[in-house]
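Subject: Structure handover

Hello,

Here is the structure for you to look at. My notes on it follow below.

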Amino acid sequence: GGVAVSWAVNIYESAPPLSSLKPVQKGRSSAIYAKDGTLIGFIQAENIRQPVPGTVMPQVLRDATVAIEDKNFFEHGALDPAGIVRAVWKDALAGGKPVQGASTITQQLVRNLYIRHPEDTIQRKIKEAHLAEELFEQHNRHWILNSYLNTAPYGTNEGQTALGVEAASQTYFNKPASELDLTEASLLAGLPQAPSEYNPFQFPKAALQRRNE
């Protein structure tokens with residue numbers, strides 16, 4: 001146990017300072033609108049993204065995201081100690097393989113912004129935790145949640161990945177995120193954990209089950 005703790009601390013301390021990293025440039029997609037203001041579509045690109053301020057995101061979307069991704073988001077800090085203990089125990093039983101997720105919304109935001117090609121390893125998760133602590137010290141929870149909702153991946157369709165809730169809302173419901181109702185918001189909230197598995201166009205039954213959860 002002592003050796004394991006020492007190893008984890010060394011990995012944690014080896015993470016680069018957040019200030020030395022440049023956020024991944026997500027950009028904004030070029031959209032085409034009809035004369036009446038309705039969205040026709042986006043210029044072809046690998047990613048589609050239309051960041052929006054948190055003030056136009058419906059509360060049901062924010063609540064649904066917190067409920068499914070990080071239910072204690074407004075109570076713990078950058079990390080969820082109880083979740084980490086559960087994950088470490090599950091991973092240990094699996095021989096060191098990362099089988100149990102414990103990432104908070106803050107950790108997921110760090111991954112979205114700063115880790116271009118995340119590897120599913122314990123080392124990456126430990127360094128990610130260090131960076132999440134730094135990010136949490138610099139920003140409040142509302143900034144973190146809004147940033148997450150504008151950068152999370154919501155699935156790939158016809159070669160285009162929807163990044164952020166606005167692009168996701170337009171992709172799946174052909175409406176702005178500000179107009180999402182409870183069931184629509186719940187469906188979107190369930191996508192980031194496994195966008196390809198819960199894609200409602202490809203796997204409607206799995207998407208419905210996830211939405212109901």
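Buried means under 20% relative accessible area, exposed over 50%, and partly exposed in between, with a 1.4 Å probe and protein chains only. By that rule, 45% of the 213 residues in the protein chain are buried. This is a predicted model, in which local features need pLDDT of at least 70 and side-chain atom pairs count only at pLDDT 80 or more, while totals for chains, interfaces and linings use all residues. Residues are numbered from 1 along each chain as its sequence is written, and side-chain values use heavy atoms, with hydrogens and water left out.

Overall layout

The protein chain has 9 helices and 5 strands. These are DSSP runs numbered from the N terminus (helices: H or I, at least four residues; strands: E, at least two). From the N terminus on, their order is α-β-β-β-α-α-α-α-α-β-β-α-α-α.

The core

A nonpolar core is a set of buried Ala, Val, Leu, Ile, Met, Phe, Trp, Tyr and Cys residues joined through side-chain atoms within 4.5 Å. The largest one has 37 residues, and those with the most contacts inside it are Ile105, Leu149, Tyr154, Val165, Leu188 and Leu191. H4 gives the largest share of this core, 5 residues. Leu149 touches Met57, Arg62, Thr65, Tyr154, Gly164 and Val165, leaving aside residues up to four places away in sequence; a contact means heavy atoms within 4.5 Å.

Helices H4 and H5

Helix H4 (residues 105-114) packs on helix H5 (residues 122-138) at an angle of about 105°, with their axes 8 Å apart. The axes are lines fitted to C-alpha atoms, for helices over the stretch in contact, and angles run from 0 to 180 degrees between N-to-C directions. H4 is therefore roughly perpendicular to H5, a label for angles of 65 to 115 degrees (under 35 is roughly parallel, over 145 roughly antiparallel, the rest oblique). Residues in the contact include Leu109 of H4 and Leu131 of H5.

Ser196

Ser196 lies in the loop between helix H8 (182-189) and helix H9 (204-212). Ser196 counts as exposed because its relative accessibility is 53%. The C-alpha atoms of Ser196 and Gly155 are separated by 5.9 Å, although the two residues are 41 residues apart along the chain.

Regards
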